[in-house]
Amino acid sequence: MEQPAPPRRVTIVDVARHAQVSTTAVSKVLRNAYGASPEMRAKVRRAIDELGYRPFAAARGLRGQTYTLGVMLPDIRNPFFPEILDGITGWLANTDYQVFLGPGGCNDEKAEARVTEAMIDRGMDGLILIAPVSPRAHLENVASAVPAVVVGRHGHSPVYDTVTDDDMAGASLVVGHLADLGHRRIAHIEHHETDPTRIAEMPNAQRADGYRRAMRSLGLAEEIDVASTSYTQQGGYGGAKELLARPRRPTAVFAGADIVAMGVLEAFTEAGLSVPGDISVAGYDNTTFASFGPISLTSVDQAGHEIGRNAARLLLERIADRQKPSVQVKLSPSLVPRRTTAPPPPE
């Protein structure tokens, strides 16, 4: 049996005929260009809706813009990253831009490179790279090829803009909160890092450094205790097991991210410990589940939505002017105390 021919794609010519205007007029409306009256715009928009016309993205790309933006996410399982994405899409809601996501492969430079190169090859107008682990030379190569904003890297570059949280200040807020409750044996679970550039620029390293500095400033240098694992739930679980095996276990644990804190809570429950009765736990990111009643996790709010909005704003500004000086936005975090932190149990 002969297969029916696929339906023909509606073209700009069809729209022009339906609206009884020229193809030039339709093109002006589609490009939001000068010279189209409100009445003409209304006629063209009505014809577009009635015919179900969709612009051909590849053709738009040949004319200089595809109105597509790529967002590289390092780990789609981390519940903080959707907060950033919400901010990005919210800022772009009233524009012609569409966002396409690319998973970067958690802490995998080669996977990041494949994703970013694929986005460039497909003619995307700009890229937002969230917490990339690639060397700065690669990031600058990307930004030289296409406008780019880097989120969650503290290093500065003349060719790309950055948006970060003040991670050292956030770590200090956690340590100060726990110390004010009476804790001295405050441990930290960090994401293991060895690359010198990442140690200088990545949020996890900044939080670990902020933890150490805060402990020293409070006279608790001898109580510094760090478990190096990964910013994953399994990393939190393993780090908690490691801390519980110490000769003197901590009375409080600062997990470097909420996803890490989830693993910590799992390990403590498995060990028969109550939180915060036996041991306090604090996270970082203030993700949606941190405020979930049965969890009620004390956490640092780094305003993920605002990070996303700033990243989208800077990217559109960079697309409009490739030569503008680079901009670095650093947001101030705040602590959100909840039920997982309390004074330590009596010795």
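**Close-up views of a predicted model**

**View 1. Ile 76 sits in the loop between β1 (68-73) and α5 (81-92).** The model shown here is predicted. Is Ile 76 buried or exposed? Its relative accessibility is 63%, so Ile 76 counts as exposed, the cut-off being over 50%. Now find Pro 103. In sequence, 27 residues separate Ile 76 from Pro 103. In space, their C-alpha atoms are 6.7 Å apart.

**View 2. Strands β3 and β4 run parallel.** Strand β3 covers residues 126-130. Strand β4 covers residues 148-151. How many bridges join β3 to β4? There are four. Next, follow the chain between the two strands. Helix α7 (residues 136-145) belongs with β3 and β4 to a β-α-β unit. This unit is right-handed.

**View 3. Strand β4 is covered on both faces.** In a regular strand, side chains alternate between the two faces of the sheet. Look for two sets of residues in β4. Ala 148 and Val 150 are on one side. Val 149 and Val 151 are on the other. All four of these residues are buried.

**View 4. Strand β4 also pairs with β5.** The two strands are parallel, with three bridges between them. Strand β5 spans residues 161-165. Which residue of β5 is the bridge partner of Val 149? It is Asp 161.

**View 5. Asp 165 is a buried residue without a salt bridge.** Asp 165 belongs to strand β5. Which side chain of opposite charge is nearest to Asp 165? It is Arg 207, at 4.9 Å. A salt bridge needs the charged atoms within 4 Å. What does the side chain of Asp 165 make a polar contact with? Its partner is the side chain of Tyr 284, at 2.5 Å. Beyond its neighbours within four places in sequence, Asp 165 is in contact with several residues, among them His 154, Tyr 284 and Gln 302. Lys 330, Leu 331, Ser 332 and Pro 333 are also in contact with Asp 165.

**View 6. The whole chain has 13 helices and twelve strands.** Step back from the close-ups. The chain has 347 residues, and 48% of them count as buried. Along the principal axes, its C-alpha atoms fill a box of roughly 85 × 45 × 45 Å. Consider the contacts between residues at least 6 apart in sequence: 68% of them join residues at least 24 apart.

Methods: Residues are numbered from 1 along each chain as its sequence is written. This is a predicted model: local features need pLDDT of at least 70, side-chain atom pairs count only at pLDDT 80 or more; totals for chains, interfaces and linings use all residues. Side-chain values use heavy atoms; hydrogens and water are left out. Buried means under 20% relative accessible area, exposed over 50%, partly exposed in between (1.4 Å probe, protein chains only). Lys and Arg count as positive and Asp and Glu as negative; His and the chain ends are not counted. A polar contact is a pair of N or O atoms within 3.5 Å; within protein, one must be able to donate a hydrogen and the other to accept it, and residues adjacent in sequence count only if both atoms are side-chain atoms. Contact means heavy atoms within 4.5 Å. Two strands pair if DSSP finds at least two bridges between them. A crossover is right-handed if, with the strands pointing away from the viewer, the path from the first strand over the helix to the second runs clockwise.
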